[in-house]
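Please open the model in your viewer and keep the selection panel at hand. The stops below take one region at a time, saying what to select and what is found there.

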Amino acid sequence: MPRTTRSSSDSRSRSGASSNRQRHVQDNAGERYRKTSSQEDASDIARKVSYSGWRNIFNPVWCYNGFITCVVALTVFGFIMVFSSSSVSMVAAGKSPWSQAANQTIYGIFGLIVAAVTAHIGARWYRRFSFFLLIAAMFLQLLTLSPLGRNINGNTGWIGIGPLTLQPAEALKLALCIWLPLALSVAKTRNAKVNVWQAYWIPIVMFAASVGLVLIGKDLGTAMILIIIGFVAFLIGGFSMVLLFLFSAIAAVGILVVFVFGSSNRMDRILAAYLPCSAESAQGVCYQSIHSMYAMASGGLTGVGLGNSREKWNYLPEAHNDFIFAVIGEELGFIGTALVVLTFIIMGWCLIRVALQSHNAFTRLVLVCIATWIVSQALINISVVLGLLPVMGLPLPFVSAGGTALIMCLCASGVAVSMMKSLPEIRSSQAKP
């Protein structure tokens, strides 16, 4: 009996010790959980504090909403400026003063619908179908060399289908912005196993073919945008910097020799931008640039008032298209043009900021390519209007008249919004409560 009592006592003491150890473990686990939770709460609070005030410019959610706001604002502003800059020329052509603006509004509404659709397509779908998008865009560009092709101002870059005129190169810009990041991501992974030529030959060949199709149509301005997009993509995509700069130099020399020095019209436009214009040139190759300067100079600080431009009275060619920024400068002055430039800066900043915070190489590179396209084209267009670059025939994104350009810019914005949603912060901000 004493043995049994001791055995029972030992059993109870072991059971009590086990319970104490279990409670101790639970207490430690609870303490660790409370510490972890408090650390996470502190991290969240620190993150929110870091995004307060002016630091919101680094907030991906702020960038997401800011980018969408800029796109919509520029599109609506484009409707207004297209009407203002085209009404006189429409009346002179025997049409309604609202004709060009009405077309632009229809294109804009359709483009916004397309943007809403593309914004809700997941990034994985773009990865899956990016090659087919590129092939389709290249095929459309190839059609410009068929009987369907239309020559406008010396460039064969349009397709005429009944009353509609399409510019496939705009679709080609977007297709490259989606496919090239995927191809370069795959090539960068393969480069660890094979040499650079074996890894990158597919994106090199496809990119060169895309640019070549545009150059055949003599659309040097659009080809320049494609080259800038490709240069940035290959630079960030892990391609050899030495080879990249070597290829860029060879391509630049080839384009200068074949498409610039071999064209008297292009040479005259380049010389007109950097050399004094003669009396004869003032009525010829310099005419558009001179009247663009007149418009910008007349605007001053606040402009002559919306709708009161004098240069749009058939003095400034393409006032509603490539030179719409000059009309903005004349009617809204330095303040108006500065706000337009600031809007493009915010768009570029928001795209780059979100790209830097993305952990997915494909998403990051797509956002960078779209930012490169929109900002570089806006910068070139504005530089042409200011006389810093020769006339190239590039529209101001979202603002200039042109259905295909507006729709594809809005479509690219929808793709960018879709890529932005891959960030957890942005995705959680869009979740329904």
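## Starting at Met296

Select Met296 first: setting aside neighbours up to four places away in sequence, this residue is in contact with Phe325, Ala326, Gly329, Thr337, Val385 and Leu386. The model is a predicted one, and Met296 belongs to its helix 11. If you draw a distance between C-alpha atoms, Met296 and Ala326 are separated by 5.6 Å, although they stand 30 residues apart along the chain.

Now move to Ala297, which is also in helix 11. With a relative accessibility of 63%, Ala297 counts as exposed, and its C-alpha atom is separated by 7.2 Å from that of Glu330, 33 residues apart from it along the chain.

## The whole chain

Of its 433 residues, 43% are buried. Among contacts with a separation of 6 or more, 71% are between residues 24 or more positions apart.

## Helix 12 against helix 13

Select residues 324-357, which form helix 12, together with helix 13; the two pack at an angle of about 160°, with their axes 9 Å apart. Angles over 145 degrees count as roughly antiparallel, and helix 12 and helix 13 are therefore roughly antiparallel to each other. Helix 12 passes helix 13 in a left-handed crossing.

To see the side chains at this contact, show Phe325, Ala326, Val341, Phe344 and Met347 among the residues on helix 12, and Arg364, Leu367, Ile370, Ile374 and Val375 among those on helix 13. Sorted by type, the residues of this contact comprise 18 nonpolar, two polar and one charged.

## The largest nonpolar core

Which residues have the most contacts inside the largest nonpolar core? They are Phe67, Phe344, Met347, Ile370, Trp373, Leu396 and Phe398, in a core of 105 residues. Helix 13, residues 361-385, gives the most to this core, with 15 residues. In soluble globular proteins, nonpolar side chains tend to be buried together.

Centre the view on Phe344, and leave out residues up to four places away in sequence: Phe344 then touches Leu74, Ile374, Val375, Ala378, Leu396, Pro397 and Phe398.

## Helix 4 against helix 5

Next select residues 123-143 (helix 4) and residues 168-190 (helix 5), whose axes come within 8 Å and cross at roughly 150°. Helix 4 and helix 5 are therefore roughly antiparallel to each other, and helix 4 passes helix 5 in a left-handed crossing.

The contact of helix 4 with helix 5 divides into 16 nonpolar residues, two polar and one charged.

## Glu170 in helix 5

Stay on helix 5 and pick Glu170, which is found there. Is Glu170 buried or exposed? Its relative accessible area is 1%, and since buried means under 20%, Glu170 is buried. Apart from neighbours within four places in sequence, Glu170 is in contact with Trp373, Thr404, Ala405 and Met408; Trp373 is also one of the residues with the most contacts inside the largest nonpolar core.

## Two loop residues with positive phi

Most residues other than glycine have a negative phi. Select Lys218, in the loop between helix 6 (196-216) and helix 7 (220-236), and check its backbone: phi is positive, at about 65°, although Lys218 is not a glycine. Lys218 is partly exposed, with a relative accessible area of 46%.

Then go to Glu318, in the loop between helix 11 (287-299) and helix 12. Here too a residue other than glycine has a positive phi, near 55°, and Glu318 is partly exposed, with a relative accessible area of 31%.

## Last stop: Ala251

Finish by selecting Ala251 in helix 8, residues 241-260. Ala251 is partly exposed, with a relative accessible area of 36%. The C-alpha atoms of Ala251 and Ile227 are separated by 9.4 Å, the two residues being 24 residues apart along the chain.

Terms used:
Residues are numbered from 1 along each chain as its sequence is written. This is a predicted model: local features need pLDDT of at least 70, side-chain atom pairs count only at pLDDT 80 or more; totals for chains, interfaces and linings use all residues. Side-chain values use heavy atoms; hydrogens and water are left out. Axes are lines fitted to C-alpha atoms, for helices over the stretch in contact, and angles run from 0 to 180 degrees between N-to-C directions. Helices (H or I, at least four residues) and strands (E, at least two) are DSSP runs, numbered from the N terminus. Angles under 35 degrees count as roughly parallel, over 145 as roughly antiparallel, 65 to 115 as roughly perpendicular and the rest as oblique. A crossing is left-handed if the near helix is turned anticlockwise from the far one by less than a right angle, and right-handed if clockwise. Ala, Val, Leu, Ile, Met, Phe, Trp, Tyr, Cys and Pro count as nonpolar, Asp, Glu, Lys and Arg as charged, and the others, Gly among them, as polar. A nonpolar core is a set of buried Ala, Val, Leu, Ile, Met, Phe, Trp, Tyr and Cys residues joined through side-chain atoms within 4.5 Å. Buried means under 20% relative accessible area, exposed over 50%, partly exposed in between (1.4 Å probe, protein chains only). Contact means heavy atoms within 4.5 Å.
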